[in-house]
Amino acid sequence: MQEISKDKFEIVGNSSIESEKISKASLSFWKDVFTRFKKNKLAVFGLVLLILLIAMAFVGPLLTPYNYYENDLTKTNQPPSAEHYFGTDELGRDMFERIWYGAKISLFIGIAAAFIDLVIGVIWGGIAGYKGGKTDEVMMRIADVLYGIPYLLLVILLMVVLGQGIWTMILAMSITGWINMARMVRGQVLSLKSQEYILASRTLGASVSRIMGKHLIPNAMGPILVTLTLTVPNAIFTEAFLSYLGLGLTPPLASWGTMANDGIGAMQYYPWRLFFPAMFICLTIFAFNVIGDGIRDALDPRLRK
Amino acid sequence: MIKYLTKRLLFMALSLWLIITATFFFMRMAPGNPFTSEKKMPAAIEANLNAHYGLDQPWYVQYGEYLLRVVQWDFGPSFKYKSQTVNQLINEGFPVSFVLGLEAIFIALAIGVTLGVIAALRHNKWQDYLAMIVAVLGISVPSFIMAAFLQYIFAMKLGIFPVARWGTFMQSVLPAVALAAGPTAFIARLTRSSMLEVLSNDYIKTAKAKGISGFNITVKHAIRNAILPVVSYMGPLSAGIVTGSFVIEKIFGIPGLGSQFVKSINNRDYTAIMGVTVFYSIILLVSVLLVDLLYGLIDPRIKLSGGKKGA
């Protein structure tokens with residue numbers, strides 16, 4: 001065994017200033033969240049999937065010479081082939097084209113409904129939570145009563161009354177859709193508003209809207225984002241559901257829901273006409289769900305390692 | 001307790017009143033009148049029909065009468081099927097939907113809780129990942145798509161189950177599974193996360209230290225506590241089953257209230273839509289209340305707010 005003599009070592013010194021120095025750049029909250037989000041393979045997969053789907057909604061239609069409304073009655077119900085990637089429907093319309101056209105509409109309905117829910121929910125919940133007392137009581141009671149009305153029943157009723165269309169559908173979904181968001185924001189604001197920095201801000205004379213916009217809402221952004229990502233799939237789901245009941249869009253407009261509805265009738269002989277729209281509905285809902293789960297886990301301090 | 005119950009009943013009545021009022025005015029706003037059809041109707045007959053159904057009265061009289069009738073559990077006649085009342089529609093359709101719904105709830109609870117418990121016990125092992133991927137997929141597939149695929153694979157291709165219709169147990173399996181798929185997945189996730197929380201508690205460690213078998217710990221100590229969020233999910237679950245039944249019953253050709261409702265929507269049978277909506281709302285509001293009361297009974301730690309002694 002080799003002898004280790006003392007002269008092989010050298011004291012490099014340990015100054016007290018050096019040891020206190022922060023060697024790693026400070027990590028902002030959102031950077032930290034993003035790093036942890038990236039570790040969740042399923043969530044990253046969902047995000048990539050979603051980006052691909054959105055990109056294809058715009059690029060997809062350019063890849064074929066067809067368009068979504070043109071009939072070709074000599075080529076009805078064709079199976080998928082090199083000519084028609086996803087086959088054709090009963091009027092000979094190219095399914096590939098219609099899928100990406102439908103993607104735009106389905107995603108638009110989902111995102112628009114979620115966005116309206118977000119705006120109403122944040123304002124309603126924010127005011128109720130911040131004002132507290134009687135205002136809170138009254139506002140949340142109104143929300144409670146509305147919450148008691150079964151969501152899909154009300155949406156169905158509204159669609160019957162308002163007539164079919166993209167905007168009526170979004171309106172019908174938003175009428176009670178915002179309540180979840182409002183409840184969540186209220187809870188967040190209630191727990192945040194008693195913190196010292198809010199008191200400091202108030203002491204400095206900040207207005208209510210400034211406190212809300214600069215302090216309360218940004219600090220509640222995490223849960224808001226989670227609720228938002230989980231609202232979108234719900235809206236896409238509702239759109240498909242309404243289309244299946246015959247309350248969806250009217251032709252030649254096509255959403256994934258209406259295409260799946262058409263496909264179910266033809267399932268026995270032309271299964272691809274159901275398969276493709278159904279697959280894309282499921283993939284999109286799946287992507288939003290895993291992204292939402294991923295963000296929630298990334299924000300959860302208990303899961304921080 | 002009584003104070004709490006009165007308060008809850010009051011809010012239920014308020015919600016219900018809002019629903020009845022909203023449906024009443026929505027239906028008045030809806031385009032066309034109940035007798036609109038392809039054939040033009042002579043004015044005299046239309047006036048006669050209007051008088052027969054009380055549609056010639058001013059709206060507030062109609063509204064008052066409707067409220068009064070609903071309180072007496074009378075939803076009036078159907079506009080499309082002249083000889084049928086909405087009550088008959090409900091009496092015929094609801095028992096079928098009820099059986100189907102119970103079967104679906106049973107499947108959802110049994111499979112969902114089992115999956116969730118297994119996932120939690122094998123936390124971060126392949127069983128956990130598998131169960132959770134199945135659960136996310138279950139949530140991502142809308143029920144009508146699930147139903148169509150089940151029908152295609154198990155009935156048309158494999159021929160194990162009948163394709164559609166209603167009557168035998170075998171005919172109820174596919175629709176019940178399709179109806180239960182989403183809730184099963186949700187319950188599995190719920191059970192898993194609450195099981196994980198319960199399993200990290202000290203009393204589980206104590207039980208382990210005392211040498212109690214793993215099975216006994218899971219069943220007697222863990223599941224009992226972990227099941228609570230699932231119980232509170234029963235309210236939304238019944239709502240999901242009800243709305244799910246609309247599409248499932250339509251796909252499988254089941255003569256339940258759900259498919260009747262869809263038919264009424266497509267026929268624009270306004271009184272039937274109104275009646276069935278109000279009926280469903282009552283069922284759902286009552287089930288939510290029952291679940292909340294049950295919750296207080298199961299978990300003595302929860303004191304229903306408003307009552308001094310709790311449940």
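1. A residue is called buried here if 20 or more other C-beta atoms lie within 10 Å of its own. With that in mind, and remembering that this is a predicted model, one can turn to helix H11 of chain B, residues 257–267, which is mostly covered, since eight of its eleven residues are buried. The buried residues of H11(B) are B:Leu257, B:Gly258, B:Ser259, B:Gln260, B:Phe261, B:Val262, B:Ser264 and B:Ile265.

2. What lies over these residues? The cover of the buried residues of H11(B) includes helix H6 (151–162) of chain A, and from chain B it includes helix H4 (86–121), H10 and helix H12 (270–298). Just after H11(B), B:Arg268 has a positive phi of about 55 degrees.

3. Within chain B, the axes of helix H6 (residues 143–157) and helix H10 (residues 228–252) come within 9 Å and cross at roughly 25 degrees. Angles under 35 degrees count as roughly parallel, and H6(B) and H10(B) are therefore roughly parallel to each other; their crossing is right-handed.

4. Where these two helices meet, H6(B) brings B:Ser143, B:Phe144, B:Ala147, B:Ala148 and B:Gln151, while H10(B) brings B:Gly244, B:Val247, B:Ile248, B:Ile251 and B:Phe252. By class, this contact has seven nonpolar, three polar and no charged residues.

5. Between the chains, the contact takes 35 residues from chain B and 32 residues from chain A. On the side of chain B that touches chain A, the elements giving two or more residues are helix H1 (2–29), helix H5 (126–140), H6, H10, H11 and H12, and H1(B) gives the largest share, eight residues. By class, that side of chain B has 28 nonpolar, seven polar and no charged residues.

Terms used. Residues numbered from 1 in each chain as written. Chains lettered and ligands numbered in written order. Predicted model: local features only at pLDDT ≥ 70, side-chain atom pairs only at ≥ 80, totals over all residues. Axes fitted to C-alpha atoms, helices over the stretch in contact; angles between N-to-C directions. Helix = DSSP H or I, 4+ residues; strand = E, 2+ residues; numbered from the N terminus. Parallel < 35°, antiparallel > 145°, perpendicular 65-115°, else oblique. Left-handed = near helix turned anticlockwise from the far one by under 90°. Contact = placed C-beta atoms within 7 Å. Nonpolar A, V, L, I, M, F, W, Y, C, P; charged D, E, K, R; others polar. Buried ≥ 20, exposed ≤ 12 C-beta atoms within 10 Å, placed from the backbone.
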